[in-house]
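Here's a quick briefing on the model you have open. Have a look at the fold, then read on.

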Amino acid sequence: QLQLVESGGGLVQPGGSLRLSCAASGLRFDSYAIGWFRQAPGNEREGVSCISSSGRFTNYADSVKGRFTISRDNAKNTVYLQMNSLKPEDTAVYYCARSPICTALLKGFGSWGQGTQVTVSS
């Protein structure tokens with residue numbers, strides 16, 4: 001089994017930056033793609049970014065392209081989401097989860113973490 005824990009959220013001003021971490025424990029971290037998702041109050045959970053098990057392939061939602069960067073350090077069992085030029089619309093609880101491969105299907109992900117709150121406000 002694989003367990004994931006998100007951290008790094010907080011309150012930032014528009015235009016600011018945060019780096020979220022998704023720390024893994026358990027088995028075979030380097031066998032899984034890891035996705036970042038977010039959910040704002042009243043909204044459905046949406047995919048933000050995903051990185052393949054090797055780190056060779058990444059994808060991003062159109063709303064965050066050019067601002068967010070996903071990366072992983074398999075030696076540290078950690079996936080990161082660097083968030084720059086943050087906007088109020090980025091305010092949400094951010095979650096990470098695993099999948100055999102990156103997929104557009106939310107159902108394909110599991111081992112969800114507890115989430116970390118990101119608030120972008122003046």
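The largest pocket holds about 180 Å³ of space. Of the 15 residues lining the largest pocket, the closest to its centre are Phe-37, Gly-47, Val-48, Thr-103 and Ala-104. Keep in mind that this is a predicted model: local features need pLDDT of at least 70, side-chain atom pairs count only at pLDDT 80 or more, and totals for chains, interfaces and linings use all residues. Residues are numbered from 1 along each chain as its sequence is written, and side-chain values use heavy atoms, with hydrogens and water left out.

**The largest pocket**

- A word on terms: on a 1 Å grid over the protein atoms alone, a pocket is an open set of points where a 1.4 Å probe fits, with protein on both sides within 12 Å along at least five of seven lines, and lining residues have an atom within 4 Å of a point.
- Grid points are joined across faces, edges and corners, and the volume is the space filled by probe spheres set on the points.
- Strands β4 (33-39), β5 and β6 each put at least two residues into the lining of the largest pocket; strands here are DSSP runs of E, at least two residues, numbered from the N terminus.
- β5 gives the most to that lining, with 4 residues.
- By type, the lining of the largest pocket splits into 10 nonpolar, 4 polar and 1 charged (nonpolar: Ala, Val, Leu, Ile, Met, Phe, Trp, Tyr, Cys and Pro; charged: Asp, Glu, Lys and Arg; polar: the others, Gly among them).

**The disulfides**

- There are 2 disulfides, taking a disulfide as a pair of cysteine sulfur atoms within 2.5 Å.
- Cys-22 pairs with Cys-96, S to S 2.1 Å, and this link is right-handed, with 80 degrees about the S-S bond.
- That pair ties together distant parts of the chain, 74 residues apart: Cys-22 is in strand β3 (residues 18-26) and Cys-96 in strand β9 (residues 92-99).
- Cys-22 counts as buried at 0% relative accessibility, and Cys-96 is buried with a relative accessible area of 0% (buried is under 20% relative accessible area, exposed over 50%, partly exposed in between, with a 1.4 Å probe and protein chains only).
- Cys-50 and Cys-102 form a disulfide with sulfur atoms 2.1 Å apart; its S-S torsion is about -95 degrees, so this one is left-handed.
- Here too distant parts of the chain are linked, 52 residues apart, with Cys-50 in strand β5 (residues 46-51) and Cys-102 in the loop between β9 and β10 (116-120).
- Cys-50 is buried at 4%, whereas Cys-102 is partly exposed at 25%.
- Number the bonded cysteines in sequence order and the pairing reads 1-3, 2-4.

**Arg-67 and its surroundings**

- Arg-67 sits in the loop between β6 (58-60) and β7 (68-73) and is buried, with a relative accessible area of 11%.
- A polar atom of the Arg-67 side chain lies 2.9 Å from the backbone oxygen of Ser-63.
- The backbone oxygen of Ser-85 lies 3.0 Å from a polar atom of the Arg-67 side chain.
- Leaving aside neighbours within four places in sequence, Arg-67 is in contact (heavy atoms within 4.5 Å) with Gln-82, Met-83, Asn-84, Ser-85, Leu-86, Lys-87 and Asp-90.

**Positive phi**

- Ser-85 is a non-glycine residue with a positive phi, near 50 degrees; Ser-85 lies in the loop between β8 and β9 and is partly exposed at 40%.
- Asn-77, also not a glycine, has a positive phi near 55 degrees; Asn-77 is in the loop between β7 and β8 (78-83) and is partly exposed at 27%.

Note on methods: Polar contact = N/O pair within 3.5 Å; in protein donor to acceptor, adjacent residues only side chain to side chain.
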